[in-house]
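Welcome! Have a look at the chain below, and then we can walk through it together with some questions and answers.

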Amino acid sequence: MCIRVIFGNPEEDSAFQQTKLYVPSKWDPDYGDMPSWALEHLERFINHLEQRFHKRRASPNLFPFQQRLLKTLKNHPTLLFPESDKGLGPTKPAIAHISTYLRDEASQTFTHYDPEALIEAIHVVFENNIIAFGDTYWQQISDTGMGISPAPPWVTVFYGLYECSLLARWRDRIGFYRRFIDNVFGIWLSHPCRDTNKQLWHEFQADMQNWHGLEWTCEPLSTSVNFMDLTISIEGERLSTTLYEKPQNLYLYLPPHSSHPRGIAAGLIIGQVLRIRRLCSKQEDANEHIKQFFRRLCKRGHEPSALIPIFSRAEDNARAFLRRNTLVEYNKQNKSKVGEPQKLFLHLQYHPEDPTAHEIQEL
């Protein structure tokens with residue numbers, strides 16, 4: 001494996017244009033007369049890099065197109081593979097635990113899959129995660145890549161296998177516990193003794209971390225917490241919720257001149273108003289969030305005169321929706337689908353000069 005370490009200014013030194021590994025530094029020594037300590041430091045640095053990066057070798061369970069791609073690249077000096085420091089779960093123990101679970105449940109709970117075929121597919125996906133970055137190709141050799149689509153259900157099952165025993169050990173202190181991928185919301189039942197309660201809380205946090213290196217960041221115990229897009233607070237004997245929005249959110253909604261179907265803007269407003277009405281337990285909170293949403297759309301170039309009728313429709317829709325029994329509506333929709341013929345959906349890329357969806361449906 002060839003690694004070149006260059007010190008200098010990438011804008012002035014042409015050598016920077018020929019290497020794929022940049023080590024930024026203000027130190028610019030005479031390359032022909034480098035001190036011995038610098039050479040020793042570079043040697044240790046390169047040895048460290050060689051331990052962290054690995055040249056790809058095709059494995060038997062690669063897809064054919066991956067094998068062909070890697071065959072042309074395997075001798076390329078810039079083909080380096082980093083070891084991920086953090087991820088959604090270490091690959092080898094995760095595959096082992098999930099494989100055992102799939103084999104055990106295949107004959108008990110689930111009967112619609114072949115466990116060995118599914119386990120082999122898991123090996124293919126999670127052991128051959130190859131990423132193209134510019135003109136280089138990288139393979140993740142440990143942990144789970146957060147950008148791949150199977151990662152959320154993968155980590156849900158992997159940590160869920162540990163949660164079965166975790167929650168059983170702490171059933172006296174955990175009054176409520178829900179997790180969505182890597183976000184957890186729970187209600188802690190405090191011990192009467194303050195010091196004992198503090199010690200138990202620290203032990204519970206340590207116990208959560210005790211699963212193959214997965215790291216959890218726990219917020220201090222509080223009567224108000226942010227979870228996903230909610231702020232949940234204890235007010236007396238009731239829970240109060242309101243919309244939570246991250247401070248770094250730029251609210252870059254589609255401007256009116258964007259080339260999208262006309263219904264997109266209306267759908268955005270109707271959906272957002274319904275979301276706010278459902279998440280906020282206090283009407284005054286919902287009113288303020290909807291007003292803020294209206295002002296942000298105006299800042300993106302939308303005319304208030306065009307927005308007001310859509311917001312009026314959105315409020316009518318939200319009131320009608322919240323009056324319905326959602327469980328009854330869900331069952332009604334499912335029953336209406338029984339026996340229906342299969343539908344074929346035609347998806348076309350949108351262009352403002354194309355015929356409308358209604359005109360296509362009338363053909």
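**A guided tour**

Q: In strand 4, which residue is the bridge partner of Phe180?
A: This is a predicted model, in which local features need pLDDT of at least 70, side-chain atom pairs count only at pLDDT 80 or more, and totals for chains, interfaces and linings use all residues. Residues are numbered from 1 along each chain as its sequence is written, and side-chain values use heavy atoms, with hydrogens and water left out. Strand 3 and strand 4 (residues 183–188) pair in the antiparallel sense over six bridges, where pairing takes at least two bridges found by DSSP. In strand 4, Phe180 has as its bridge partner Asn183.

Q: Which residue in the turn between strand 3 and strand 4 has a positive phi?
A: These two strands form a hairpin with two residues between them. A positive phi of about 60 degrees is found in the turn at Ile181.

Q: How many helices and strands does the protein chain have?
A: Helices (H or I, at least four residues) and strands (E, at least two) are DSSP runs, numbered from the N terminus. On that basis, the secondary structure comes to 11 helices and seven strands.

Q: What is the order of the open sheet of three strands?
A: Strand 5 (224–227) and strand 7 (238–243) stand at the edges, each with a single partner strand, so one side of each lacks a neighbour in the sheet. Strand 5 is joined to strand 6 (residues 230–235) by four bridges, and Val225 stands opposite Ile232 in strand 6. The pairing is antiparallel, and the order is 5-6-7.

Q: Which helix packs on this sheet?
A: The packing element touches strand 6 and strand 7, where contact means heavy atoms within 4.5 Å, and its direction makes about 160 degrees with that of strand 7. Angles run from 0 to 180 degrees between N-to-C directions, and axes are lines fitted to C-alpha atoms, for helices over the stretch in contact. The element spans residues 263–279 and is helix 7.

Q: Is helix 7 oblique or roughly parallel to helix 9?
A: Helix 7 and helix 9 (residues 304–323) pack at an angle of about 45 degrees, with their axes 8 Å apart. Angles under 35 degrees count as roughly parallel, over 145 as roughly antiparallel, 65 to 115 as roughly perpendicular and the rest as oblique. Helix 7 is therefore, relative to helix 9, oblique.

Q: Are helix 5 and helix 6 roughly parallel or roughly antiparallel to each other?
A: Tyr159, Tyr162, Leu166 and Arg169 of helix 5 meet Phe204, Asp207 and Met208 of helix 6. The helices pack at an angle of about 155 degrees, with axes 11 Å apart. Helix 5 and helix 6 are therefore roughly antiparallel.
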